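Trainee: Hi, could we go through this one together? I'm still new to reading structures.
Mentor: Happy to, let's take a look.

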Amino acid sequence: MFGSKLRKRGVAAAAAIALSGLLLTACSSGSAAPKELTPGTVPDAKTTLTVWSFLPGNYDKGVEAYDAIAEGFNKKYPQVTVKVVDMPYPTYFDQVRNATVAQKGPDVITMYGGAQAMSYKNGLFPLQNAMEPDVKENLKFVADNFSKDGNLYILPTGTYGYAMMVDQAKFAEAGVDPVAGMKDWDSLLDTCKTLSAKGIQPIASGWKDGFLFETFMYMISSQMMDTETLNEWIAGKIPLDDPMFADATSYITGMNDAGCFGDDAALGRNMYDDAFNQYYAGEAAMMVTGSLNTAQQAYDTIPTTTVMALPQVPSSQHEALIDAGAEAGWSVTKWTKSPEASVAFVNYMAGPEAQKILWDKAGVPPNLKNVQVEPTSPMQQAFFPLLANPENHTGFAAFPLPVLATFERNAAPLMGGTMTEEKFLEQAQAAFVKAK
């Protein structure tokens, strides 16, 4: 199934994952303050680093890419053998939780930053002082991934950007010019109505798991945050009962009212993964993507596909922002027996050699100012200008896991009309307070 392999983070918010932050806090209370990690010389003694990640399985050549990264690191540090364990996404964070409770397991893990990394902080070293000078100077999306306690628990790598895949043939069938039809928010809603009237589902969708709601919440709330608001949100100073989130919720339900998500088959019965299959089968005119790799798959399957920004909502603080940031990040566990080698590895992952390998083999755009890569395919050429917009940022990582779990649980009732927006946000705010 295309979706389960290639979706870009409907991510770490299943209820069990949200619970993990509470479990870890309880299990680790009273533990000593973590020592600080800094770059240093890797000892000559032979050692093995165990690295857990769900990223290799995200891409057709992901395993090959990460094997090449492990080989490249070993050439630089012959005394260190890297064992990359490719783990299935659905159970990944449960495994990380279990390892943290036991205080044993991998040396390095893939992790998302911000509030999500903070849920696992009892098992992670802060890394803000562990960056090598070249990485610190050139790495992008660092500020967005700090946790509200002032620590950076990941080194972010790669670039994602949420946008809309558009099947231009479906638009032509409905007599809609894609550029005009996606010009602004009202145009998008009118386009949804026109496509629906022609019997074409506008946006591939499914709400049962709530991932699609989260995705639009990231995309829209990021538009509504200027730099000051984003910084306050990252610091945990903006609650979920702020009018911004009520407005974002109303924009999403307004899309539903305009028919953007099709008929009742999309409400409460289909999963987010089903949306991928729906689009690839030619049964919808648009689909959300956060991954250049996913967009390339869509283009290869349906050559009339291009990618366009979601129009700015009326209360956007920007001209053409898309929600964009780091694909993921790399964390060092507190129980590692090889802290120097672990620090060297996360810096290698955040450096130009590893990120160039990921681009060449898996099509993951780097997030380094000093690494430029050239788009070659039509999809890459369409997507790169969206990713390059200096206005781009994301508030994704600052959503606490219990809030995301609440979004997931309540998305289908909200979109199906059995839960009011007020009740939906009331429960999200209760989860936000609990997370604090």
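Trainee: Which residue stands opposite V80 in β2?
Mentor: T47 stands opposite V80. Before we go on: this is a predicted model, where local features need pLDDT of at least 70, side-chain atom pairs count only at pLDDT 80 or more, and totals for chains, interfaces and linings use all residues. Residues are numbered from 1 along each chain as its sequence is written, and side-chain values use heavy atoms, with hydrogens and water left out.

Trainee: How many bridges join β1 to β2?
Mentor: There are 7 bridges between β1 (residues 47-53) and β2, and the two strands run parallel. Strands here are DSSP E runs of at least two residues, helices are H or I runs of at least four, and both are numbered from the N terminus. Two strands pair if DSSP finds at least two bridges between them.

Trainee: What's the strand order in that open sheet of 5 strands?
Mentor: The order is β2-β1-β3-β10-β4, with mixed pairing. β2 (80-86) and β4 (155-157) are at the edges with a single partner strand each, so one side of each has no neighbour in the sheet.

Trainee: And which strands form the open sheet of 3?
Mentor: That one runs β7-β6-β8, with antiparallel pairing. Its edge strands are β7 (286-289) and β8 (305-308), each pairing on one side only. β6 (residues 163-167) pairs with β7 over 4 bridges, and V166 has M286 as its bridge partner in β7.

Trainee: Which helix lies across β6 and β7?
Mentor: Helix α10 (residues 211-223) does, at about 75 degrees to β7. Axes are lines fitted to C-alpha atoms, for helices over the stretch in contact (heavy atoms within 4.5 Å), and angles run from 0 to 180 degrees between N-to-C directions.

Trainee: Switching topic: how many aromatic pairs does the structure hold?
Mentor: It holds 33. Rings of Phe, Tyr and Trp (its six-membered ring) pair if their centres lie within 6.5 Å; planes under 30 degrees apart count as stacked, over 60 as edge-to-face and the rest as tilted.

Trainee: Why is the pair W330 and F345 called edge-to-face?
Mentor: Their ring centres are 6.3 Å apart and their planes are at 85 degrees, so the pair is edge-to-face. W330 is in strand β10 (residues 328-332) and F345 in helix α15 (residues 339-350), 15 residues apart.
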